[in-house]
Amino acid sequence: MHREEPRSKEAVVVTGIGVMLPNTTTVEQFWENISGGHSQVGRLTRFDGAEHGLPVHAAAEISSFDHRPFLPELLDNHAAKYTREILIAMSAVERARQDAGLEIGYHDPRRIGVLMSSSRGPFAWWQRVLADEEPGAFGDKGAMFRGLPGCPASLAAIYTSAQGLVSTVSNACVGGHQAIGLALRELRSGTADAMLVGGHEFPIVPEVAKCYAAMGSGVMSTERDDPRRAVRPYSADREGFALGEGSVVVCLERESVARARGARIYAEVLEARTFNEAAHATSMDLTGKVTASFVQDLLADAGRTADEVGYFCAHGTATRYNDLAESRALQALYPERTLGQLPPISSNKPIYGHTFGIAGIINVAATSLMLHHQRLAPTINLSGRDPECDHDHVFEGARDTAFDLAVSLSFAFGSQTAVVALGASS
């Protein structure tokens with residue numbers, strides 16, 4: 001049952017989705033891969049793991065990219081100053097704007113903003129420069145763009161004529177959800193009418209892989225034979241995650257504004273919350289109780305209860321701590337239920353790998369589409385569930401259902417958790 005007290009905050013809705021991911025440049029492709037369980041993780045080609053002493057063989061790579069179909073108004077002399085990474089992020093912003101039908105000039109440009117999330121910014125560019133793979137990299141004006149974490153958001157705002165708040169959050173895997181929360185504040189305060197909120201991440205370099213490999217086995221997948229099965233959340237034989245790259249952006253609008261212009265609405269963003277446990281720097285709450293309490297607070301903010309949740313979109317990294325933390329959080333949230341009675345939860349990491357700063361945005365985009373289509377996306381690659389994670393992961397494949405409330409989870413180094421509640425659009 002819904003709470004009876006009236007909601008004073010104006011509704012914020014998702015009206016557009018832009019994706020630039022491996023083999024994915026349209027909302028339709030994104031939905032087909034997420035709902036159909038089509039993994040885009042393939043053989044690692046960006047570097048030779050063996051040469052770096054790394055048993056890493058799989059990654060979700062964007063093999064080739066041409067920005068011109070997505071940014072037709074971008075002058076060639078300007079594009080030449082940007083990196084591939086900047087152009088991919090700009091393209092995702094533009095695709096989200098177009099998917100939302102948000103015409104340039106329709107709104108006051110001072111009331112449109114761009115917020116992005118990235119855990120490492122232009123790390124891949126700095127890696128190439130410091131490895132002396134780009135001689136003379138600092139010798140032209142483009143270097144000023146290429147080295148700054150906030151440039152993709154700023155340059156995308158210029159391209160789309162957005163003159164509102166433009167910024168970039170850098171807070172590991174919770175950054176995407178935190179960017180959603182910042183956008184909600186802008187929209188609900190009446191400062192903005194629309195916010196393009198997304199993330200960009202390009203971590204497929206040996207230095208990043210070495211950082212995670214140094215944490216020990218079970219963090220990064222060592223799968224060699226079938227890269228598509230490299231990421232196996234909640235499975236007894238899981239090995240960890242594979243690196244993924246790209247950019248995803250959602251367009252958020254105040255509902256009154258969206259409906260006034262006849263926009264198509266995917267879902268409603270009910271609430272976003274972020275929390276620092278101030279506990280272990282590289283782990284998360286393994287009792288489940290802290291996370292469960294945090295989710296209850298989020299739902300109370302939204303005027304809803306845990307019993308109304310029809311789906312959880314997991315962080316789902318296929319690491320032991322993450323899998324156990326999420327399963328225990330659900331058990332703590334529903335103490336009267338058995339494992340088999342817990343709400344469905346699924347992870348999209350087996351499809352696009354671990355994208356860090358984009359992870360929360362991918363979850364919000366995927367969950368919005370699930371609410372829109374009333375169809376749950378599966379966790380693929382389950383081959384013998386961890387007994388403690390033996391609950392409903394939609395492992396049999398996409399499932400048609402009726403639900404109007406979902407919660408997206410994200411966890412990050414630094415003892416941080418962020419969650420977003422989404423509802424079906426009426």
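The following legends describe close-up views of a predicted model of a protein chain.

**Figure 1. The two domains of the chain.** The domain assignment divides the protein chain into domain 1, residues 12-267, and domain 2, residues 271-424. Taken over C-alpha atoms, the centres of domain 1 and domain 2 are separated by 21 Å. Domain 1 contributes 70 residues to the contact and domain 2 contributes 64 residues.

**Figure 2. Area buried between domain 1 and domain 2.** The size of an interface is often expressed as the accessible area that is lost when the parts come together. Between domain 1 and domain 2, about 5,100 Å² is buried, and 68% of this area lies on carbon and sulfur atoms. On the side of domain 1, the residues that lose the most area to domain 2 are W31, H177 and Y234. Together, W31, H177 and Y234 account for 19% of what the domain 1 side buries.

**Figure 3. Polar and charged pairs across the domain interface.** Three salt bridges are found across the interface of domain 1 and domain 2. In a salt bridge of the model, the side chains of R238 and D386 meet at 2.8 Å, N to O. The interface of domain 1 and domain 2 also holds 28 residue pairs in polar contact, with both residues at pLDDT 80 or more. Several elements give two or more residues to the side of domain 1 that touches domain 2, among them helix 1 (27-36), helix 7 (175-188) and strand 8 (246-254). Sorted by class, this side of domain 1 comprises 34 nonpolar, 25 polar and eleven charged residues.

Figure 4. Strands of a sheet pair through backbone hydrogen bonds, in either a parallel or an antiparallel manner. The three strands of this open sheet follow the order 2-3-7, and their pairing is mixed. Strand 2 (42-43) and strand 7 are the edge strands, each pairing on one side only. Strand 3 (residues 58-60) and strand 7 run parallel and are joined by two bridges. The residue opposite A59 is L243 of strand 7.

Figure 5. Strand 4 (residues 112-117) runs parallel to strand 5, and four bridges join the two. M116 has T168 in strand 5 as its bridge partner.

**Figure 6. The surroundings of D99.** D99 belongs to helix 3, which spans residues 84-100. When residues up to four places away in sequence are not counted, D99 touches T15, G16, I17, V27, R264 and Y266. Y334 stands 235 residues from D99 along the chain, and the C-alpha atoms of the two residues are 38 Å apart.

**Figure 7. The salt bridge of E10 and R254.** Side chains of opposite charge can pair when their charged atoms come close. The side chains of E10 and R254 meet in a salt bridge at 3.2 Å, N to O. This pair links distant parts of the chain, 244 residues apart: E10 lies in the segment before strand 1, and R254 lies in strand 8.

Key. Residues are numbered from 1 along each chain as its sequence is written. Side-chain values use heavy atoms; hydrogens and water are left out. Domain bounds come from an automatic or database domain assignment. Contact means heavy atoms within 4.5 Å. Buried area is the accessible area (1.4 Å probe) that two parts lose on being put together, summed over both. A salt bridge is a side-chain nitrogen of Lys or Arg within 4 Å of a carboxyl oxygen of Asp or Glu. A polar contact is a pair of N or O atoms within 3.5 Å; within protein, one must be able to donate a hydrogen and the other to accept it, and residues adjacent in sequence count only if both atoms are side-chain atoms. Ala, Val, Leu, Ile, Met, Phe, Trp, Tyr, Cys and Pro count as nonpolar, Asp, Glu, Lys and Arg as charged, and the others, Gly among them, as polar. Two strands pair if DSSP finds at least two bridges between them.
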